[in-house]
Amino acid sequence: MVANLGEDEPSASRKGARRLPRRESALVWWALFAAFAGVALWLHSWRIALLGLLTWCLYEFLLVPTLCRVLKVQGHPCTKRVRGRLFACGPAHQQLKSDALWRLVWLRNPFQKGDVEHEPGGVVYSSDVRGRLTSVDKTLIVLALLGTIGTLVGMVYGFR
């Protein structure tokens, strides 16, 4: 038997719960985006506005705190926390999400390794169904993609 070493026994309501690390508030990011917009308006600089737009796009792609949301075999979405709308919680879910991102631009994933292994038990869904993106994720990914393209076009246009 292992000694408790001074740790309190978890209460019945919190049994099995683990504390997740705190993340920065979304308000910090939105304050940064508002600062970019304010400085761009104050200086009448479209270049600073493009930099703010690019920062928002990178935030949505890589840094926004969100959930994995890939369907598990039981039929409900994965609720593990991830950073960025392009990422999933593990290799199997990442493959499903990558396939869904390629389907979003009407292409097949050229790096696809074959069918994803099915977890034992539960309802079997095809990888097309399991990797389906939610409408909010689709909308924000498309907007961030358009913003990135717009930023690149604006940068090239600005060098003329």
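**View 1. H1 passes H2 in a left-handed crossing.** In such a crossing the near helix is turned anticlockwise from the far one by less than a right angle. The model is predicted, with local features needing pLDDT of at least 70 and side-chain atom pairs pLDDT 80 or more, while totals for chains, interfaces and linings use all residues. Residues are numbered from 1 along each chain as its sequence is written, and side-chain values use heavy atoms, without hydrogens and water. Helices are DSSP runs (H or I, at least four residues) numbered from the N terminus. The axes of H1 (residues 26–43) and H2 (residues 46–63) lie 8 Å apart at an angle of about 165°, which makes H1 roughly antiparallel to H2 (over 145 degrees). Axes are lines fitted to C-alpha atoms over the stretch in contact, and angles run from 0 to 180 degrees between N-to-C directions.

**View 2. Residues in the contact of H1 with H2.** Contact means heavy atoms within 4.5 Å. On H1 the residues include Trp29, Trp30, Phe33 and Phe36, and on H2 they include Ile48, Leu51, Trp56 and Tyr59.

**View 3. Helix H5 (residues 135–158) and its buried residues.**

**View 4. Helix H3 (91–104) and the residue after it.** His93, Gln95, Lys97 and Asp99 are among the buried residues of H3. Trp106 follows H3 and has a positive phi, near 60°.

Notes. Helices (H or I, at least four residues) and strands (E, at least two) are DSSP runs, numbered from the N terminus. Angles under 35 degrees count as roughly parallel, over 145 as roughly antiparallel, 65 to 115 as roughly perpendicular and the rest as oblique. Buried means under 20% relative accessible area, exposed over 50%, partly exposed in between (1.4 Å probe, protein chains only).
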